[in-house]
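Thanks for coming, everyone. Please look at the sequence and the structure on the screen. I'll talk about aromatic rings.

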Amino acid sequence: MADGCNRGEMAEEARREPAGDVLEFAAETVDAAGGRQNPPWQILIVDDDHEVHAITRVVLGEMTFEERPVRFLSAYTARQARSLLAENPGIAAILLDVVMETDDAGLKLVRHIREEMGNRQIRIILRTGQPGQAPERQVIAAYDINDYKAKSELTAQKLYTATVAALRSYQHIATIERGRQGLERVMEAAVHLAGLRSRSQFLAGLVGRASALLTNAATALLCGAGEDGGVAILAEAGLPADPPTEAAEDIAAALYDGQARWGTQHGVAVLRGRDSAPLALCLLGGPFAEGDRPLLELLCTKAAVGLDNLRLYERLNEAQVATVHALGKLAEYKDEVTGDHVKRLGRWATAIARELHARGDFPDELDDWFCDTIGLASVLHDVGKVGIPDAILRKPGRLDEAEMAVMRDHASIGGSILRDACGGDRRGYLSMGAEIAESHHEKFDGSGYPRGLVGDAIPLAGRIVAVADVFDALLHRRPYKKAWDIAEVLDLLRAESGRHFDPRVVDAFLAVLTREGAGV
């Protein structure tokens, strides 16, 4: 190293340091404003000449860039460099020799870094004392390096300039990569939140995703206006923490004017919905980078849209529930025994579904939504009776064959009414009600109606309601029959298991009855 560097003097100074040790200059500094330490830039020196390591440290040891010092790591072979790279993923730049244990050891290390490690961020400055061994034009074209320097031309100033340029480039690339990863996390969070169907789940999911969004975030708080005019914490995630005074003031101000605010150790962004009061999402921790702000604000924008959609879903759900109750009342008006029967039926159907779910049966069909929906949807099982003449529906005795044929039409009538009402929605009370209305009179052996379906071809909701419906109907008096004793009803369920009923559903129902002490 010549041309501006007194190599003899610098080498003499360098010899005072242990050549084989990793030397650190000002490994950490303290930011007076935030009271936090700035991490050093990690620079890896890869060269088989110990003197090169020492002189590099002398020249660059006191440098700082963006108020961060440098920390040197030393490797004397490409193999040592590979180990250090694996152990220190945050290395920003490499000062790399070409000829070490082999004539092309440095070039092979470049290929390892870029292709095997997949590391495109680290900046590589190739330093060679034998330019003829690795011609500049050939190396630049064939290898993904960022600078090429012959040691004979590398003055102290040029080394400093090349290093600062490498660190600045690394910083820009790292910032872009953090932004890209942050955008991916925001989009993943938006997709996750869009799938949640309750406000409590949504708020908990939002703060959970927010706390993981930014590296330096320790706590996420979602706040709204309290009843007393203050600030109420609606959900939180991360490390338990109360917002410091400055953050609390910024939260209150953000809820008032809808503007984001950032401090040294907190950030506040606002969720502004179409028809609801704003919410403030506060992250505690820091220090936060300039690029962190748009990510948090974008997450809030996506979350606000998600909350609006959730409210629309809730209103649609409420409308469906109201429709179910209205249709249930209509059926009750036609059939005086329907009211109490459907309440008991809904309870039994829900209990059976949850028991099957707990057992792991029907994993492709049974989920929380199914268990939450079947109870109310079962109210609609006999809604098709609105199309049956009163003379048949309320006949005190048994129906003759012609009357029974008319009565059996209620299954198809109910299914048709509900399918028209649900508008193609496959996951709603009306759509499940349509399945139940059409299929709860099907039999497992194929002898049921209206379509003669067999086994698993019968919708699961219909198979569940079939068991609960027969159980309750036999257990209670009807105009055409007396109430059965429970022992007789249970004997019939067992006898019809595998013929009329799905055996798995019967077993689950018997387990429910046993647990509730129903005389099984």
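**Rings and charges**

Start with tryptophan 262. Its relative accessibility is 17%, so it counts as buried, the cut-off being under 20%. Keep in mind that this is a predicted model.

Now the wider picture. The chain has 520 residues, and 47% of them are buried. Its secondary structure comes to 17 helices and 13 strands. Take contacts between residues at least 6 apart in sequence: 65% of them join residues at least 24 apart. The accessible surface is about 25,500 Å², with 50% belonging to carbon and sulfur atoms.

Back to the rings. The whole structure holds five aromatic pairs. One of them joins tryptophan 262 and phenylalanine 288, edge-to-face, at 5.6 Å centre to centre and 75° between the planes. Why does this pair tie together parts 26 residues apart in sequence? Because tryptophan 262 lies in strand E11, while phenylalanine 288 is in the loop between strand E13 and helix H9. Phenylalanine 288 also counts as buried, at 14% relative accessibility.

Next, phenylalanine 471 and phenylalanine 509. Their ring centres are 4.9 Å apart and their planes stand at 90°, so this pair is edge-to-face. Phenylalanine 471 is in helix H15 and phenylalanine 509 in helix H17, so the pair ties together parts 38 residues apart in sequence. Both are buried: phenylalanine 471 at 2% relative accessible area, phenylalanine 509 at 0%.

Ring pairs also bring in Trp348, making a cluster with Phe471 and Phe509. Over the face of tryptophan 348 lies arginine 347, 4.3 Å from the ring centre. Elsewhere, arginine 68 puts its charged end over the ring of tryptophan 41, 3.7 Å from the centre.

Technical notes: Residues numbered from 1 in each chain as written. Predicted model: local features only at pLDDT ≥ 70, side-chain atom pairs only at ≥ 80, totals over all residues. Heavy atoms only, no water. Helix = DSSP H or I, 4+ residues; strand = E, 2+ residues; numbered from the N terminus. Buried < 20%, exposed > 50% of the residue type's maximum accessible area, 1.4 Å probe, protein only. Contact = heavy atoms within 4.5 Å. Areas by Shrake-Rupley, 256 points an atom, 1.4 Å probe, with all protein chains shown as cover. Phe/Tyr/Trp six-rings, centres within 6.5 Å; stacked < 30°, edge-to-face > 60°. Lys NZ or Arg CZ within 6 Å of the ring centre and 35° of its normal.
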